[in-house]
Amino acid sequence: MAGKAPTIFVPKGASTNKPLSFFGKDFYYWKGRMKLFLESKDVDLWDIIKIDSYKPTRRNQARVEINKPKAEWTQEEKPRVLLNSRAMFFLKCALSESE
């Protein structure tokens, strides 16, 4: 069968574009795979999940740090906030509804 592309079998959850699904079993295996998947998308994604998401802040007149309104975000802050959304999206796609 010349010219026919070989069939490649990719098991469910082994996609490089879709996160590994978690169904309540083998959490540590899933966590390791999920960490690698997220870091392959962006090196900071795993830290956002593990540590905390990024929130642009500023100091008010009383020198207290408060969250900035979206209209005040700088061009440097917007990509960092986008990483928060990407991290949450990948987690929501990977977890089942019951999780």
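Start by selecting helix α3: what covers its buried residues includes α1 and α2 (45–50). Contact here means heavy atoms within 4.5 Å. Helices (H or I, at least four residues) and strands (E, at least two) are DSSP runs, numbered from the N terminus. A residue is called buried under 20% relative accessible area, exposed over 50%, and partly exposed in between, using a 1.4 Å probe and protein chains only.

Before moving on, a word on what is loaded: this is a predicted model, in which local features need pLDDT of at least 70 and side-chain atom pairs count only at pLDDT 80 or more, while totals for chains, interfaces and linings use all residues. Residues are numbered from 1 along each chain as its sequence is written, and side-chain values use heavy atoms, with hydrogens and water left out.

**Stop 1: helix α3**

Stay on residues 77–94. Helix α3 has 18 residues and reaches 27 Å from its first C-alpha to its last, close to the 26 Å expected at 1.5 Å a residue. That expected span is 1.5 Å times one less than the number of residues. Now show side chains for E77, V81, L83, N84, A87, F90, L91 and A94, the buried residues of α3. An α-helix has 3.6 residues a turn, so residues three or four places apart point the same way.

**Stop 2: the whole fold**

Zoom out and colour by secondary structure. You will see three helices and two strands, in the pattern α-α-β-β-α along the sequence. Of the 99 residues of the protein, 24% count as buried. Among contacts with a separation of 6 or more, 48% are accounted for by residues 24 or more positions apart. If you draw the surface, the accessible area comes to about 7900 Å², of which 56% belongs to carbon and sulfur atoms; accessible areas come from the Shrake-Rupley method with a 1.4 Å probe, and for residues only the protein chains shown count as cover.

**Stop 3**

Next, select S21, in the segment before α1 (27–41). S21 counts as buried because its relative accessibility is 19%. Leaving aside residues up to four places away in sequence, S21 touches W30 and A94. A94 is also one of the buried residues of α3.

Rings of Phe, Tyr and Trp (its six-membered ring) pair if their centres lie within 6.5 Å; planes under 30 degrees apart count as stacked, over 60 as edge-to-face and the rest as tilted. How many aromatic pairs does a search of the whole structure find? It finds six. In one of them, the rings of F22 and F27 have centres 5.8 Å apart and planes at 80 degrees, so this pair is edge-to-face. F22 and W30 make a tilted pair, with 5.0 Å centre to centre and 40 degrees between the planes. Both F22 and W30 are buried, whereas F27 is partly exposed, with a relative accessible area of 38%.

**Stop 4: two backbone angles**

Select D26, in the segment before α1. D26 has a positive phi of about 50 degrees although it is not a glycine, and at 59% relative accessibility D26 counts as exposed. Then jump to R63, in the loop between β1 (57–59) and β2 (65–67). Phi of R63 is near 65 degrees, again a positive value in a residue other than glycine. R63 is exposed, with a relative accessible area of 60%.

**Stop 5: charges**

Show R80 and Y54 together: the charged end of R80 sits over the ring of Y54, 3.8 Å from its centre. The criterion is NZ of Lys or CZ of Arg within 6 Å of the ring centre and within 35 degrees of the ring normal.

Finish with the salt bridges, each a side-chain nitrogen of Lys or Arg within 4 Å of a carboxyl oxygen of Asp or Glu. The count comes to four, including these:

- E72 and R58: the closest N and O atoms are 2.8 Å apart. The pair links distant parts of the chain, with E72 in the loop between β2 and α3 and R58 in strand β1, 14 residues apart.
- E77 and K68: the closest N and O atoms are 3.1 Å apart, and both residues are buried.
- K55 and D52: the closest N and O atoms are 3.6 Å apart. K55 is partly exposed at 40% relative accessible area, and D52 is partly exposed at 49%.
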